[in-house]
Amino acid sequence: MTTTTASLRPSAHPGVLADLVAGSSLLRNTLLVVGGAGLTGLCAQVSLHTPLSPVPFTLQTFAVLLVGTALGTVRGAAAMLLYLAAGAAGVPWFANHTHGLGGPGFGYVVGFVLAAALVGELARRGNDRGILGTVGLMTLGNTVIYLAGTVWLAMDLHLGAQQAIALGVTPFLITDALKTALAAGLLPLAWRGVASTAAPQE
């Protein structure tokens, strides 16, 4: 078994996919955090406004949960904090090239930080290695985003709880279920690829 092959093998601790990226720790982590924030900003531009909700349908949530799972607790949360802070400061990478503090959808952005940390920690413990575990962590991550987003939406638009859920959660359940199913296929597949690459060569 070569040194390169050994370096790809997961350690005794489960870890996350980003731990397998080679390079200087500080430089690697910085690039991963910036890349995670950038991917989220890019996916936010795939957005669709509908009469169902004042919040658009986007690929943001999918990116957030993938980034958190792949980067782990600290790096995942840091990537979303960077996304939030830069967007609040004026970088136009929220949905539809918007930026700044406030608005009906800003609570979801706050929820991204919490969700990324949660799914990152669950992934660090090995819960992204199989389909059921990945579905579970993605569902929990989505729940955190819904909670933060709906509470903010209710306060911003002066809505009751039932109306806030109808506008901030219900319209997104089907699309988020599809995103969860996609992630449940991609992440375990990525780990199987890693395991295959790290297998001893005869």
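How do the residues of the lining of the largest pocket divide into nonpolar, polar and charged? The lining has 14 nonpolar, 13 polar and two charged residues. Here Ala, Val, Leu, Ile, Met, Phe, Trp, Tyr, Cys and Pro count as nonpolar, Asp, Glu, Lys and Arg as charged, and the others, Gly among them, as polar.

This is a predicted model: local features need pLDDT of at least 70, side-chain atom pairs count only at pLDDT 80 or more, and totals for chains, interfaces and linings use all residues. Residues are numbered from 1 along each chain as its sequence is written, and side-chain values use heavy atoms, with hydrogens and water left out.

**View 1. The whole chain has eight helices and two strands.** From the N terminus on, the order is α-α-β-β-α-α-α-α-α-α. Helices (H or I, at least four residues) and strands (E, at least two) are DSSP runs, numbered from the N terminus. Of the 202 residues, 44% are buried. Buried means under 20% relative accessible area, with a 1.4 Å probe and protein chains only.

**View 2. The largest pocket holds about 500 Å³ of space.** It is lined by 29 residues, and the closest to its centre are Val55, Pro56, Gln60, Ala95 and Gly105. Strand 2 (53-58), helix 3, helix 5 (106-124), helix 6 and helix 8 each give two or more residues to this lining. The largest share, five residues, comes from strand 2. On a 1 Å grid over the protein atoms alone, a pocket is an open set of points with protein on both sides within 12 Å along at least five of seven lines; lining residues have an atom within 4 Å of a point. Grid points are joined across faces, edges and corners, and a volume is the space filled by probe spheres set on the points.

**View 3. Gln60 sits in helix 3 (residues 60-71).** Gln60 counts as buried because its relative accessibility is 9%. Its side chain makes a polar contact with the side chain of Tyr83, at 2.6 Å. A polar contact is a pair of N or O atoms within 3.5 Å; within protein, one must be able to donate a hydrogen and the other to accept it, and residues adjacent in sequence count only if both atoms are side-chain atoms. Leaving out residues up to four places away in sequence, Gln60 touches Thr40, Cys43, Ala44, Tyr83, Ala95 and Phe112. Contact means heavy atoms within 4.5 Å.

Notes: Buried means under 20% relative accessible area, exposed over 50%, partly exposed in between (1.4 Å probe, protein chains only). On a 1 Å grid over the protein atoms alone, a cavity is a set of points where a 1.4 Å probe fits but cannot get out, and a pocket is an open set with protein on both sides within 12 Å along at least five of seven lines; lining residues have an atom within 4 Å of a point.
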